[in-house]
There are 2 protein chains.
Amino acid sequence: MQNDKPLKLAIAGLGTVGIGVVNVIQSYGEILSARGGRGLEIIAVCARDKTKNRDCDLSQYDWYDDAVIMAKNSDADIFIELVGGSEGIAKNSVETALNSGKHVVTANKALIAHHGFKLAQLAEKNNVCLTYEAAVAGGIPVIKTIREGLSANKISSLHGILNGTCNYIMTVMRETGRKFDDVLDEAQQLGYAEADPSFDIDGIDAAHKLAILASLAFGTKIDFDNVYIEGIRHITPVDIDFAAELGYKIKLLGMAENTDDGVFQHVHPVMVPINSPIAAVEGVYNAVVTEGDFIGTTVMEGKGAGRGPTASAVIADIIDIAANRQPATFGVPTDQLINKPTLPMEKCTGLYYLRLMVVDKPGVMADITAALRDENVSLEAIIQRRRNPGAPVAVVLTTHETGEAEFCNAMNRIEKLEAISETPRLIRIARFND
Amino acid sequence: MQNDKPLKLAIAGLGTVGIGVVNVIQSYGEILSARGGRGLEIIAVCARDKTKNRDCDLSQYDWYDDAVIMAKNSDADIFIELVGGSEGIAKNSVETALNSGKHVVTANKALIAHHGFKLAQLAEKNNVCLTYEAAVAGGIPVIKTIREGLSANKISSLHGILNGTCNYIMTVMRETGRKFDDVLDEAQQLGYAEADPSFDIDGIDAAHKLAILASLAFGTKIDFDNVYIEGIRHITPVDIDFAAELGYKIKLLGMAENTDDGVFQHVHPVMVPINSPIAAVEGVYNAVVTEGDFIGTTVMEGKGAGRGPTASAVIADIIDIAANRQPATFGVPTDQLINKPTLPMEKCTGLYYLRLMVVDKPGVMADITAALRDENVSLEAIIQRRRNPGAPVAVVLTTHETGEAEFCNAMNRIEKLEAISETPRLIRIARFND
């Protein structure tokens with residue numbers, strides 16, 4: 001199975017991950033060759049600014065300023081796209097590379113989430129691979145595991161902590177009692193959050209990853225546009241404290257479920273039981289839990305991002321191609337991906353937590369419980385911790401299993417009550433089987 | 001990447017896993033073909049007793065009574081060995097299959113642990129695959145993950161709960177306070193333990209799996225014979241209670257570490273911090289934790305065994321071969337596996353728990369602590385919970401980091417003290433980084 005000719009690589013994007021990939025290949029050449037059955041040879045690199053100091057000797061590689069030109073003209077077997085972004089250079093260069101018969105390895109979740117299906121068709125047409133292990137949870141080989149390790153199974157559902165920035169912020173908030181804005185500031189200073197953090201904290205990054213995992217796991221055509229997305233900006237210390245009191249931690253989860261009628265795909269904060277495996281995943285760690293019909297529950301945990309884990313995932317894809325392990329982009333040929341609709345959030349059922357700020361006067365509780373009754377929402381508990389006549393106090397209610405639509409109707413009725421002093425805060429509750 | 005000819009399978013062994021594999025292929029033919037890029041076709045099966053009722057239609061397959069003859073004569077592309085045992089039929093039939101140019105997929109950890117290296121050479125010589133995902137933790141694709149998912153990394157160490165029977169027994173013992181023999185009896189009645197349970201409870205099964213993981217992870221020639229093995233027969237409710245008091249749970253772990261001088265490979269009961277991820281893995285679940293230099297800590301958890309998970313793992317191997325993903329048996333060509341010695345247990349260092357039954361009289365504690373001092377063992381704590389003058393009471397001591405050899409010398413000195421009324425009970429303590 002040995003191949004005497006080295007596999008030629010062209011790397012577009014020389015940021016932290018790109019340089020990480022170069023470093024690993026430069027230092028571990030021999031061991032990677034043994035594992036891939038042939039040598040790996042970087043022949044070309046590309047970035048906007050050649051003069052920048054990158055603490056890495058790039059002098060023996062052809063330099064390109066333009067990734068699209070490198071994708072077209074270089075003699076590489078694999079084009080490695082580490083530029084980022086769903087459009088522009090990233091998309092153009094990947095399309096060009098596929099069309100010129102090069103395999104593509106990418107860490108770009110936005111690109112795969114938005115254009116994965118068309119790019120998979122393009123890869124197929126050109127008889128090359130498009131792989132993206134680094135796009136989801138760099139420290140967990142979750143793409144390979146779902147695509148290959150669980151290939152005997154129909155996967156019915158999956159859920160996971162898919163964004164390390166959010167998990168870090170919420171871990172620190174819970175441990176210190178500090179507010180969101182304050183912890184976000186600190187995370188930005190520490191480099192755990194971007195200057196413009198909205199992709200992370202508004203749940204978009206997690207949604208990109210969830211759409212990818214759902215397509216792979218369910219064999220469905222990727223559908224990012226219809227993922228329900230809610231971020232963590234509105235999480236407050238008050239809700240974190242109430243969660244703890246009720247036996248939960250709040251996590252930003254991506255959750256997907258395959259049903260006969262369609263696919264559920266949601267990203268939103270969830271209260272998870274304090275003893276569940278997913279609750280133990282803290283800080284910058286990610287985790288993915290899958291349910292397969294034969295294999296049962298599989299849990300994987302590892303670092304979400306960073307130079308080492310992401311470079312490791314990129315190189316694992318490269319070694320697979322070197323060793324002739326060349327998978328279909330979404331596990332099966334594109335014409336066999338199922339075109340199943342993403343179901344709207346209103347079709348969901350679940351358990352709910354609602355926190356109200358209520359002006360404490362006689363009859364308020366009766367009005368709230370009447371609104372729930374009128375929408376057929378079954379109350380599990382209602383808690384008002386302290387009295388403060390005439391001023392707003394926090395009232396928390398939790399429900400039994402109920403429909404999202406019914407619950408939202410009840411919430412809208414409650415919001416209109418005169419005694420409610422601010423927007424009610426809904427957080428969904430999850431109780432996993434294991 | 002499609003292949004019009006179906007991949008032909010011959011299955012040796014029609015027990016719970018063999019029939020599980022037949023069932024999955026019979027019911028999921030279409031989806032498995034999509035994932036493997038070609039059809040799967042069972043052409044032959046083999047077991048000792050053709051007349052046995054197996055609740056499964058086998059009539060369309062060629063029947064063999066002799067696995068070696070099926071391995072030689074059938075027209076299969078893959079020979080699936082589910083007979084079990086490290087010698088005899090299993091070994092002979094696998095050798096015959098490889099020599100006749102068939103790929104081999106097996107769930108047989110004993111076979112791989114004892115003969116994996118020679119069989120890998122045979123596979124290489126015949127240019128076919130020998131794969132064994134089902135041999136270790138059926139519900140966790142850990143072989144694939146280490147071999148391919150972590151292929152960019154040097155793995156420095158790994159540890160795991162590798163035997164579901166032991167984990168089940170110790171979980172029930174801790175939860176109920178019942179004794180080992182009692183819980184083992186029940187586990188046998190429930191089918192969680194074999195009639196002859198020694199392979200499981202004496203740690204041999206876990207050691208087979210550990211030797212396989214260590215070879216794959218470290219790129220070393222497999223060395224089962226030198227794994228240090230201690231089982232769980234001697235674990236008592238007293239030690240489980242003391243562990244809880246000290247903040248630990250007792251787990252049977254397989255642990256391997258790659259050092260410059262050689263490889264450590266141990267299977268023995270370990271006290272693990274109650275908040276560590278591995279402590280949360282209960283019942284029949286398995287878990288494997290790896291430390292890679294780039295990827296960091298990766299944790300995988302799933303069911304250890306059973307029809308569904310094991311059949312799932314066997315079929316994942318089959319689909320890989322169908323899709324032309326055909327790995328080297330231990331991740332690299334056999335001539336590149338490193339011949340590194342397994343280091344003896346005495347070279348280890350660690351933390352220790354020792355429980356003594358001591359006749360409570362003046363001067364005993366002084367004698368015990370003197371023995372530790374004389375062997376340069378640094379005491380962390382010594383606990384005697386109640387006094388019972390003239391009769392034996394439990395005394396527990398824990399150490400700081402110390403050498404295994406020094407600790408055992410001290411233990412031998414202590415055992416000879418007149419006041420010690422039964423064999424001291426040593427349990428090693430692990431504190432993992434994460």
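Guide: Happy to. Keep in mind that this is a predicted model. Start with β12(A) and strand β12 of chain B (residues 296–303), which run antiparallel and are joined by 3 bridges.

Visitor: What makes β12(A) and strand β12 of chain B a pair?

Guide: Pairing needs at least two bridges. These strands have 3 bridges, so they pair. As for one partner, A:Val299 is bridged to B:Glu301 in β12(B).

Visitor: Why is the meeting of B:Lys144 and A:Glu148 called a salt bridge?

Guide: The N to O distance between their side chains is 2.6 Å. The cut-off is 4 Å between a Lys or Arg side-chain nitrogen and an Asp or Glu carboxyl oxygen, so the Lys and Glu here qualify. Across the interface of chain A and chain B, the rule finds 4 salt bridges. There are also 14 residue pairs in polar contact between the chains, both residues at pLDDT 80 or more.

Visitor: Which elements of chain A each supply at least two residues to the side that touches chain B?

Guide: That would be α2 (29–36), α6 (142–149), β12 (296–303) and α12 (307–322). The largest share, 8 residues, comes from β12(A). By class, this side of chain A has 23 nonpolar, 18 polar and 10 charged residues.

Visitor: How much area do chain A and chain B bury between them?

Guide: About 4400 Å², with 56% of it on carbon and sulfur atoms. The contact takes 51 residues from chain A and 51 residues from chain B.

Terms used: Residues are numbered from 1 along each chain as its sequence is written. Chains are lettered from A and ligands numbered from 1 in the order in which they are written. This is a predicted model: local features need pLDDT of at least 70, side-chain atom pairs count only at pLDDT 80 or more; totals for chains, interfaces and linings use all residues. Side-chain values use heavy atoms; hydrogens and water are left out. Contact means heavy atoms within 4.5 Å. Buried area is the accessible area (1.4 Å probe) that two parts lose on being put together, summed over both. A polar contact is a pair of N or O atoms within 3.5 Å; within protein, one must be able to donate a hydrogen and the other to accept it, and residues adjacent in sequence count only if both atoms are side-chain atoms. Helices (H or I, at least four residues) and strands (E, at least two) are DSSP runs, numbered from the N terminus. Ala, Val, Leu, Ile, Met, Phe, Trp, Tyr, Cys and Pro count as nonpolar, Asp, Glu, Lys and Arg as charged, and the others, Gly among them, as polar.
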